[in-house]
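The exercises below ask the reader to work through a protein model with the sequence and coordinates at hand.

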Amino acid sequence: MTDPSPPPGTGPGVITPDGCAVDFYARMTALGEPEIVHEAAGPGASVLELGCGTGRITHPLVALGHPVVAVDESPEMLAHVRDAETVCARIEDLALGRRFDVVLLASHLINTDDIAARTAFLAACRRHVADGGGVIIQQHAPRWFATAADAENVRDGIIFRMRDVSRPAPDLVSATVEYVDGDQVWTQTFTARRLDDTELAAVLAAARLRLDRYLTEDHTWFRAVPED
């Protein structure tokens, strides 16, 4: 019998199906992401946030004046979200019958190596973005795929380690991230796929979207707009 695959995440507390540790993410604060979204969206724009987690980006967006509908498949994650409408659902299955000025797909979800999942994520973005609206997406910086290596840093007293970095195929990076807060340790293992400009244009076009502009110099954030 083949051994089952190891879990994508480990550590104390609830671990979501994709390996995210609820207790760890509840400790995290934003790193400038809400301001990037706010500037691109414009004042008061309605936001549908896909994969909101514990509200690390949600709460600052609300404070900046945006009505936010926050979506996550984990009820334990959503229990931490305040002052926003919450929806417990998988992104792939989401069909609210409503459209928004901005659909936000952060956390490098577009870099998943699961082609079917990426296609479904972008389809959900397209069916919920308003005419004249935009989809704001976060990706790994293209140059990160060449430079990713084992590393350690500290933020807000939490140790962040990236270890076991490998490149199983061209344009793929696999690694385990480890978070240490006192005597608590969480891990999450992932594989990310690089999308060059041609590939990015193609996956957006398949979802009836097109690249409007990059929002950051390193191309980690960009805005896409709907096409008929």
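**Exercise 1. Describe the hairpin that β8 and β9 form, and then follow β9 to its pairing with β10.**

Solution. The model is a predicted one, and the first step is to look at the turn: β8 and β9 form a hairpin with 5 residues between them, and within that turn Asp 171 has a positive phi of about 70°. Next, consider the pairing itself, in which β8 and β9 run antiparallel and are joined by 6 bridges, with Met 162 standing opposite Val 177 in β9.

The other pairing of β9 is with strand β10 (residues 184-193), again in the antiparallel sense, over 10 bridges; here Thr 176 stands opposite Thr 189 in β10. This hairpin has 2 residues between the strands, and Gly 182 takes a positive phi near 65°. Finally, turn to the burial of strand β9 (residues 172-181), which is mostly covered, since 9 of its 10 residues are buried.

**Exercise 2. Which residues of the largest nonpolar core touch the most other members, and which elements give two or more residues to this core?**

Solution. Begin with the core, which has 27 residues; those that touch the most other members are Leu 48, Leu 50, Leu 105, Leu 122, Val 135, Ile 137 and Leu 204. Two or more residues come from each of β2 (47-50), β3 (68-72), β5, α5, β6 (129-138), α7 (197-206) and β12 (221-226), and α5 gives the most, with 5 residues.

Then take Leu 204 as a case: leaving aside neighbours within four places in sequence, Leu 204 is in contact with Leu 122, Ile 137, Leu 209, Arg 210, Leu 211, Phe 222 and Ala 224.

**Exercise 3. How many disulfides does a search of the whole structure find, and is Cys 20 buried or exposed?**

Solution. The search finds 0 disulfides. For Cys 20, the nearest cysteine sulfur is that of Cys 52, 11 Å away. For Cys 52, the closest cysteine sulfur is in Cys 88, at 9.4 Å, and this is too far for a bond, because a disulfide requires sulfur atoms within 2.5 Å. As for accessibility, Cys 20 counts as buried because its relative accessibility is 13%, and Cys 52 likewise counts as buried, at 6%.

**Exercise 4. Where do Ser 107, Asp 156 and Thr 216 lie? Describe the setting of each.**

Solution. Ser 107 is placed in the loop between β5 (100-105) and α5 (115-128); although not a glycine, Ser 107 has a positive phi of about 60°, and with a relative accessible area of 40% it is partly exposed.

Asp 156 lies in the loop between β7 (151-155) and β8 (158-166). Asp 156, which is not a glycine, has a positive phi of about 50°, and at 61% relative accessibility it counts as exposed.

Thr 216 is found in the loop between β11 (209-214) and β12, where it counts as buried at 18% relative accessibility. A polar contact of 2.9 Å joins the side chain of Thr 216 to that of Asp 218, and, leaving aside neighbours within four places in sequence, Thr 216 is in contact with Ile 36 and Trp 221.

Conventions: Residues numbered from 1 in each chain as written. Predicted model: local features only at pLDDT ≥ 70, side-chain atom pairs only at ≥ 80, totals over all residues. Heavy atoms only, no water. Buried < 20%, exposed > 50% of the residue type's maximum accessible area, 1.4 Å probe, protein only. Helix = DSSP H or I, 4+ residues; strand = E, 2+ residues; numbered from the N terminus. Core = buried A, V, L, I, M, F, W, Y, C linked by side-chain atoms within 4.5 Å. Contact = heavy atoms within 4.5 Å. Polar contact = N/O pair within 3.5 Å; in protein donor to acceptor, adjacent residues only side chain to side chain. Pairing = 2+ DSSP bridges.
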